[in-house]
Amino acid sequence: MWIEQYRPATLDEVIGQPHIVERLKFMVEGIHKGEDIPHMLFAGMQGTGKTSTAIAFMKTAFGDAWSQNWLEMNASDERSISVIRSKVKEFASRGVIGTYTTNTGETKPIPFNTVFLDECDNLTPEAQAALRRMMERYPQTRFILSANYPQKLIDPIKDRCAFASTRFRPISVEVMRPALLALSTALTDEALDLLMRTSRGSMRKALNLLWTLTRVAGEVDVEDVEDYIVTLEPTRVKALLSKVAKAKGAERSKGLRLYREVDKEVDALSARGMSGVEILDAFYDLVTTDESMPLALQQRILSGIGQALHWASVAQDDVLAVKAFLRNITLI
Ligand SMILES: Nc1ncnc2c1ncn2[C@@H]1O[C@H](COP(=O)(O)OP(=O)(O)O)[C@@H](O)[C@H]1O
Ligand SMILES: [Mg+2]
């Protein structure tokens, strides 16, 4: 897959995050001069380069020796904080190994181990407190934490990290276009525009889609892209809303049947790869662009979307949040 193949190998290859890359390059220079570095928090939406930047930072600082002192874990996969703790402990007790060549040509011992902990925002507050203790415990270990929703992290963790108040930005169209064109020129301008719109700032999504599309023979046009993406068109959102309105007004058994149909449509979108948040986005787009919708109704739907986004982030099942949203809104 391209997303593995085209992981930036150095900080210079990371695109669209100059505010972060500049500071990291500065840190690399510091390391080479023997200076210490802080723990770091990489926050922002997925597909914007958090993992890639952490690896590129290590490679830029330590060259080929980077991976010897690198431990990568995913906070959602590791079953509990005690599993994470024992791995970190084992890693720290092993000591720091290997040497690297500085930018002035000296050979120096690598100064610290790095633990990359992905999706930290999925840790409970208690687990986060345990993580915070780990961050203080091992003087030769630096943590790079990554989070999609940094507001879920406790302050004592954020206070200990550089970059806690900055964000990885969605990759802008201007930055994304040349990067994608460097990989493939098979797409027409309109097809590329649609691909980038669909990706909504995620380089991962854009690369995955581009990779899929370059399997199409010959020139790739808008229709080819449409075949591969799932979109929820405004007309379909309207149809869903009117079905919900009918269900609310209907007698019990008919109402239930209509709601089941609505659930089924939501499941079908999810089965094609659309996330609950993306489905809610489509409702948001319709509501905020439909000139004919009464303001009071618009407000009710928007407040429902707000609540569903909250449910989605708390419950980790955003498709269920969409279904609950559709049963809860009052349309008539
Ligand atoms: N800022 C970026 N610069 C260059 N490539 C990127 C960037 N962001 C994402 N990518 C590409 O997308 C893939 C996934 O990015 P990743 O670093 O895993 O994102 P995140 O950790 O933020 O979800 C990478 O392998 C890389 O090819
Ligand atoms: Mg990542």
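This is a predicted model: local features need pLDDT of at least 70, side-chain atom pairs count only at pLDDT 80 or more; totals for chains, interfaces and linings use all residues.
Contact here means heavy atoms within 4.5 Å of each other. Residues are numbered from 1 along each chain as its sequence is written, chains are lettered from A and ligands numbered from 1 in the order in which they are written, and side-chain values use heavy atoms, with hydrogens and water left out.

**The whole protein**

- You'll find 15 helices and seven strands in the protein; helices (H or I, at least four residues) and strands (E, at least two) are DSSP runs, numbered from the N terminus.
- Taken along the principal axes, the C-alpha atoms fill a box of roughly 75 × 50 × 30 Å.
- Of the 332 residues, 46% are buried. Buried means under 20% relative accessible area, exposed means over 50%, and partly exposed is in between (1.4 Å probe, protein chains only).

**Helix α4, inside and out**

- Helix α4 covers residues 81-93, which is 13 residues. From first C-alpha to last it reaches 18 Å, close to the 18 Å expected at 1.5 Å a residue; the expected span is 1.5 Å times one less than the number of residues.
- The buried residues of α4 are Ile-81, Val-83, Ile-84, Val-88, Phe-91 and Ala-92. Looking down the axis of α4, these buried residues fall within an arc of 160 degrees, so they line one face of the helix. The arc is that of the directions from the helix axis to the C-beta atoms.
- After α4 comes Gly-95, with a positive phi near 85 degrees.

**How α4 sits against α5**

- The two helices pack at an angle of about 10 degrees, and their axes are 10 Å apart. Axes are lines fitted to C-alpha atoms, for helices over the stretch in contact, and angles run from 0 to 180 degrees between N-to-C directions.
- α4 and α5 are therefore roughly parallel to each other. For the cut-offs, angles under 35 degrees count as roughly parallel, over 145 as roughly antiparallel, 65 to 115 as roughly perpendicular and the rest as oblique.
- On the α4 side, Ile-81, Ile-84, Arg-85 and Val-88 make the contact, and α5 brings Ala-127, Ala-130, Leu-131 and Met-134.
- By class, that contact has seven nonpolar, no polar and one charged residues. Ala, Val, Leu, Ile, Met, Phe, Trp, Tyr, Cys and Pro count as nonpolar, Asp, Glu, Lys and Arg as charged, and the others, Gly among them, as polar.

**Thr-141 in β6**

- Thr-141 belongs to strand β6 and is buried, with a relative accessible area of 1%.
- Leaving aside neighbours within four places in sequence, Thr-141 is in contact with His-39, Ala-92, Asn-113 and Val-115.

**Helices α15 and α13**

- In α15 (residues 318-328), the buried residues are Val-319, Ala-321, Val-322, Lys-323, Phe-325 and Leu-326. They pack against α11 (234-249), α12 (252-271), α13 (276-289) and α14 (295-315).
- Ile-279 sits in helix α13 and counts as buried at 0% relative accessibility.
- Not counting residues up to four places away in sequence, Ile-279 touches Leu-232, Val-266, Leu-269, Met-274 and Val-322.

**Lys-59 in α3**

- Lys-59 is part of helix α3 (residues 50-62) and is partly exposed, with a relative accessible area of 30%.
- Lys-59 touches Ala-9 and Trp-66, not counting residues up to four places away in sequence.

**Two loop residues with positive phi**

- Most residues other than glycine have a negative phi.
- Glu-119 has a positive phi near 55 degrees without being a glycine. Glu-119 lies in the loop between β5 and α5 and counts as partly exposed at 27% relative accessibility.
- Arg-200 isn't a glycine either, yet its phi is positive, about 45 degrees. Arg-200 is in the loop between α8 (189-199) and α9 (203-213) and, at 45% relative accessibility, counts as partly exposed.
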